[in-house]
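Here is a walk through one protein chain. Keep the coordinates open and follow along.

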Amino acid sequence: MNNLNSIRFALIGCGRISRNHFEAIRNNPEAQLVAVCDEIEERAQKAGIENRVDFYTSYEKMLERKDIDVVSVCTPSGLHPIHGIMAAQKGYHVVCEKPMATTLEAADELIKTCEQKGVKLFVVKQNRLNSTLQLVKKAIDKGRFGKIYMVVVNVFWTRPQEYYDMAKWRGTWALDGGAFMNQASHYVDMLLWLFGDVEKVKAITGTLARNIETEDTGSAIIQFKNGAIGSINVTMLTYPKNLEGSLTIIGEKGTVKVGGTAVNKIEKWEFTEYDNDDQYVEQVNYTPPNVYGFGHSGYYHNIIDVLKNGLNAGTDGREGRRSLKLILDIYKQSSLC
């Protein structure tokens with residue numbers, strides 16, 4: 001680690017999600033961006049100029065720098081393990097966007113390499129830091145629901161054909177995955193984080209309208225080990241724009257629904273017994289700038305705390321692997337595979 005106060009980040013993949021990473025680093029006084037990389041020179045140059053840092057089209061060349069502590073990997077999902085492993089082999093910590101890989105084998109290789117090289121692996125699951133979901137998590141941990149009977153998650157968004165046509169890797173099995181793997185990845189993680197391990201899965205998926213290899217729509221029914229029955233319904237075909245990303249919990253002693261476009265608004269909050277947390281229901285609602293929300297900033301705070309103060313990572317490689325496995329189980333059980 002450097003002797004300065006800040007932890008130095010380099011980033012590969014200057015596409016859509018990179019803006020959230022740049023903003024999170026810029027807004028953290030203990031973080032510093034030192035370099036960016038993208039195989040598309042125009043994109044790399046634009047990101048470099050806007051962030052006033054060196055830019056590269058060669059990842060290998062960027063990794064030769066001696067002033068990097070952490071590499072943030074924001075490339076297509078299927079490339080995450082390759083780029084993460086390359087950074088780890090240089091002795092750099094790795095921040096990996098979701099999902100961490102498109103196969104368990106590749107995810108395991110990334111985890112193994114980071115462990116062997118003694119570097120940290122962070123898998124971005126920023127929705128856990130949403131103020132709304134933090135309040136829900138507290139209610140679950142306090143046992144306010146009693147026995148949880150049913151959980152329903154809906155991700156009703158839209159991705160037009162133009163979105164997939166913008167990049168050849170989108171909607172492919174090798175580099176992207178479909179609606180569950182890409183757009184709904186955080187919601188799958190949310191289910192595991194809130195309700196625990198899964199006993200069994202049934203699913204139906206389909207490619208109903210988009211010209212892609214993977215699914216644009218699907219539903220999965222999940223039985224959790226705690227007995228609760230859950231479902232997650234996902235489509236990228238909602239007309240005319242993103243409608244909702246929601247979570248409904250039905251329990252013995254409480255019912256909660258968190259709605260909005262990205263679980264950002266508590267629409268129902270009712271329990272048999274009052275708790276002081278109930279006063280915060282209106283306060284935790286917010287309007288996100290996009291479906292990514294504000295969670296990246298909090299996630300980078302956690303990264304800094306782990307590297308500087310020895311705290312535990314909010315979501316490390318093994319935690320990231322859990323949601324990847326459930327997504328792959330959904331695919332195995334679906335009519336698409």
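Helices and strands here are DSSP runs, numbered from the N terminus; a helix needs at least four residues and a strand at least two. This is a predicted model.

Begin with the backbone. Pro-99 lies in the loop between strand 5 (93–96) and helix 5 (104–117). The peptide bond joining Lys-98 and Pro-99 is cis, with omega about -25°. Tyr-239 and Pro-240 are joined by a cis peptide bond, with omega about -5°. Most peptide bonds are trans, and most residues other than glycine have a negative phi.

Arg-52 is not a glycine, yet its phi is positive, about 55°. Look for Arg-52 in the loop between helix 2 (41–51) and strand 3 (54–56). Val-263 also has a positive phi, near 40°, and is a residue other than glycine. Val-263 belongs to the loop between strand 12 (254–259) and strand 13 (265–271). Are these two residues buried or exposed? Arg-52 has 81% relative accessibility, so it counts as exposed. Val-263 has a relative accessible area of 0%, so it is buried.

Now turn to the rings. The structure holds 7 aromatic pairs. Take Tyr-163 and Tyr-164. Their ring centres are 5.0 Å apart and their planes meet at 85°, so this pair is edge-to-face. The cut-off for that class is over 60 degrees. Tyr-163 is buried, because its relative accessible area is 9%. Tyr-164 is buried too, at 7%.

Phe-195 and Phe-224 make another aromatic pair. Their centres are 5.8 Å apart, the planes are at 55°, and the pair is tilted. This pair links distant parts of the chain: the two residues are 29 residues apart. Phe-195 is in helix 8 (residues 185–195), and Phe-224 is in strand 9 (residues 217–224). Phe-195 has a relative accessible area of 6%, so it is buried. Phe-224 has 2% relative accessibility and counts as buried. Elsewhere, ring pairs link Phe-145, Trp-269 and Phe-271 into a cluster.

Go back to Tyr-163 and look at its charged neighbours. Which residue has its charged end 4.1 Å from the centre of the Tyr-163 ring? It is Arg-170, whose charged end sits over that ring. Arg-159 also lies over the face of Tyr-163, at 5.6 Å from the ring centre.

Next, find Gly-317. This residue is in helix 10 (residues 317–333). Its relative accessible area is 4%, so Gly-317 is buried. What does Gly-317 touch, leaving out residues up to four places away in sequence? The contacts are Met-100, Ile-111, Leu-121 and Val-123. Val-73 is 244 residues from Gly-317 along the chain, and their C-alpha atoms are separated by 13 Å.

Finish at the surface. Tyr-149, Met-150, Ile-221, Ile-229 and Ile-250 make a nonpolar patch of about 450 Å². Ile-221 lies in strand 9. At 53% relative accessibility, Ile-221 counts as exposed, because the cut-off is over 50%.

Technical notes. Residues numbered from 1 in each chain as written. Predicted model: local features only at pLDDT ≥ 70, side-chain atom pairs only at ≥ 80, totals over all residues. Heavy atoms only, no water. Phe/Tyr/Trp six-rings, centres within 6.5 Å; stacked < 30°, edge-to-face > 60°. Buried < 20%, exposed > 50% of the residue type's maximum accessible area, 1.4 Å probe, protein only. Lys NZ or Arg CZ within 6 Å of the ring centre and 35° of its normal. Contact = heavy atoms within 4.5 Å. Patch = residues over 30% accessible without salt bridge, like charges linked within 9 Å, V, L, I, M, F, W, Y side chains within 5 Å. Areas by Shrake-Rupley, 256 points an atom, 1.4 Å probe, with all protein chains shown as cover. Salt bridge = Lys/Arg side-chain N within 4 Å of Asp/Glu carboxyl O.
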